[in-house]
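Please look over the sequence and the model shown here before reading on.

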Amino acid sequence: MSDTTADAAPKAGPAYAVLAGHLRERILSGELQPGARLPGDTELSAEFGVGRSTIREALRSLASQNLILTTRGVTGGSFVAEPSVGHISAHLETGVALMAAAEAVTVDQLMEVRNLMEVPAAGIAAFRRTDDHVAQLRASMFDPTGAQGPETYTRNQEFHLVLLRAAQNPLLELITAPVFRVLSGRFGRDHAPDGFWQCVDHDHRAILDVIVAGDSMAAMDLMRKHLDHLGDSYRQMDRLRAE
């Protein structure tokens, strides 16, 4: 093992964790690029002085963190995973949901994050949206007059997801989508107050109109008002849930 590798190594922990830590650092630093094959057992054993069982445990640890994928066969091996906004966002959603369930964050704090991200995103989307984005936004509209169910919840989420994608910055969806999915799943379904879905539909259609018109300032203003309406409803539902 080189002096550089030894200096960078964690000072304590099981051998498999030390090896996993080294490989994780190489992946996150970009030394091992997405899609790259990890060194084989023989190479890892020679570099780190560990056996195959330790290597297998280290690879299992990295796979559990969704950092690598392992395939079998003649062309198989362990490869650095390709990053996916949806996949990473799903893991972040789990953490946000746990914090909400443990009451480590409040509805107001969750809505504050949405305001910080989605209001400017709506303004950017008015400039950067494509015809395809507009078509997807139109497809997310729903009839607010009938009974609401899973399709309504899905279309409601899709409207916000498409707006984030229309800003053409993947970090916006990655950071923001988990927050509004947690809010929607926790508060926005069975206990929605009277008129909730009619208000959502009205706001979405108004936002869509100014996005189509390319009016950035109006898009930000309407998104801010829409999130205020949602925040009021979520706080009301949160109070009812706590009773």
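**Domains.** The model is predicted. The domain assignment of the protein gives two parts, domain 1 with residues 15–80 and domain 2 with residues 85–242. Between the C-alpha centres of domain 1 and domain 2 the distance is 38 Å. An unreviewed UniProt entry carries the annotation "domain: HTH gntR-type" for residues 13–83. In the model, residues 13–83 are 51% helix and 11% strand, and the end C-alpha atoms of this span lie 28 Å apart.

Strand S1 is made of residues 68–71 and strand S2 of residues 77–80. The two strands pair in the antiparallel sense, with four bridges. Two of the facing positions are listed here.

| Residue | Opposite residue in S2 |
|---|---|
| Ile68 | Val80 |
| Leu69 | Phe79 |

**The crossing of H6 and H8.** Helix H6 spans residues 107–128, and helix H8 spans residues 150–166. Their axes come within 7 Å and cross at roughly 65 degrees. The crossing of H6 and H8 is left-handed.

Which residues of H6 and H8 make the contact? From H6 they are Arg114, Glu118, Ala121, Ala125 and Arg128; from H8 they are His160, Leu163, Leu164 and Ala166. By type, the residues of this contact comprise five nonpolar, one polar and three charged.

How values were computed: Residues are numbered from 1 along each chain as its sequence is written. This is a predicted model: local features need pLDDT of at least 70, side-chain atom pairs count only at pLDDT 80 or more; totals for chains, interfaces and linings use all residues. Side-chain values use heavy atoms; hydrogens and water are left out. Domain bounds come from an automatic or database domain assignment. Two strands pair if DSSP finds at least two bridges between them. Axes are lines fitted to C-alpha atoms, for helices over the stretch in contact, and angles run from 0 to 180 degrees between N-to-C directions. A crossing is left-handed if the near helix is turned anticlockwise from the far one by less than a right angle, and right-handed if clockwise. Contact means heavy atoms within 4.5 Å. Ala, Val, Leu, Ile, Met, Phe, Trp, Tyr, Cys and Pro count as nonpolar, Asp, Glu, Lys and Arg as charged, and the others, Gly among them, as polar. UniProt positions are given in the numbering used here, feature names are shortened, and annotations may be inferred rather than shown by experiment.
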